Amino acid sequence: MESASVLIDEKIKALGDWRGKMLAKVREVIHAADPEIVEEWKWMGTPVWSHGGIVCTGETYKKVVKMTFAKGASLKDPSGLFNSSLDGKVRRAIDIHEGDKLHEAALKDLIRAAVALNLESKSKPKARQTSSK
């Protein structure tokens, strides 16, 4: 089985249009924000970036490249990057359309915040359920 990184490379190449270029740029920004991030390939063809849990996915549709942050609703977004899935209780997404400029600095901050949230929640001890007798 091919590695996730190779599969993501192939997806970018296969798209062959602005979506492939944007997905490649998003990937570059993600790795610049967190060099320890791990690439995964899930759900029959979705690039996923993880560190201490899922940070975000990179889905491609006909008219949009969508970055979905697994715990986006818990992240501060002072630059207002989130523009999709705003009503969800857990996830938030960024829809990037053809011609949109990527706000790289703000995206890096958001990625670092998502990683920090994942690592913070991993280090907290889980509350034990007590049985009442």
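How many bridges join strand β1 to β2? There are 5 of them, and the two strands, β1 (residues 38-42) and β2, run antiparallel.

## Basis of the description

The structure is a predicted model, in which local features need pLDDT of at least 70 and side-chain atom pairs count only at pLDDT 80 or more, while totals for chains, interfaces and linings use all residues. Residues are numbered from 1 along each chain as its sequence is written, and side-chain values use heavy atoms, with hydrogens and water left out.

## Strand β2 and its partners

Helices (H or I, at least four residues) and strands (E, at least two) are DSSP runs, numbered from the N terminus, and two strands pair if DSSP finds at least two bridges between them. On the other pairing of β2, 3 bridges join this strand to β3 (residues 54-60), again in an antiparallel arrangement. V48 in β2 stands opposite E40, and V48 also stands opposite T57 in β3. Each hairpin has 3 residues between its strands and a residue with positive phi: in that of β1 and β2 this is W43, near 50°, and in that of β2 and β3 it is G52, near 75°.

Burial is judged by relative accessible area (buried under 20%, exposed over 50%, partly exposed in between, with a 1.4 Å probe and protein chains only). Because 5 of the 5 residues of β2 (residues 46-50) are buried, this strand is largely enclosed by the rest of the structure. In a regular strand the side chains alternate between the two faces of the sheet. In β2, T46, V48 and S50 point one way and P47 and W49 the other, and all are buried.

For helix α3 (residues 104-123), the 20 residues should span 28 Å, and the end C-alpha atoms are 29 Å apart, which agrees. Its buried residues include A106, L107, L110 and I111, and what covers the buried residues of α3 includes α2, β3, β4 and β5.

## Salt bridges

A search of the whole structure finds 7 salt bridges (a side-chain nitrogen of Lys or Arg within 4 Å of a carboxyl oxygen of Asp or Glu). K66 forms one with D95, the closest N and O atoms being 2.7 Å apart. This pair links distant parts of the chain, with K66 in strand β4 (residues 65-69) and D95 in strand β5 (residues 92-96), 29 residues apart, and both residues are buried.

The side chains of K25 and E28 also meet in a salt bridge (3.0 Å, N to O); being 3 residues apart in helix α2 (residues 18-33), K25 and E28 are separated by about one helical turn. K25 is partly exposed at 26% relative accessibility, as is E28 at 48%. R19, buried at 16%, forms a salt bridge with D17 (3.1 Å, N to O), and D17 is partly exposed at 27%.

Key
Expected span 1.5 Å × (residues − 1). Contact = heavy atoms within 4.5 Å.
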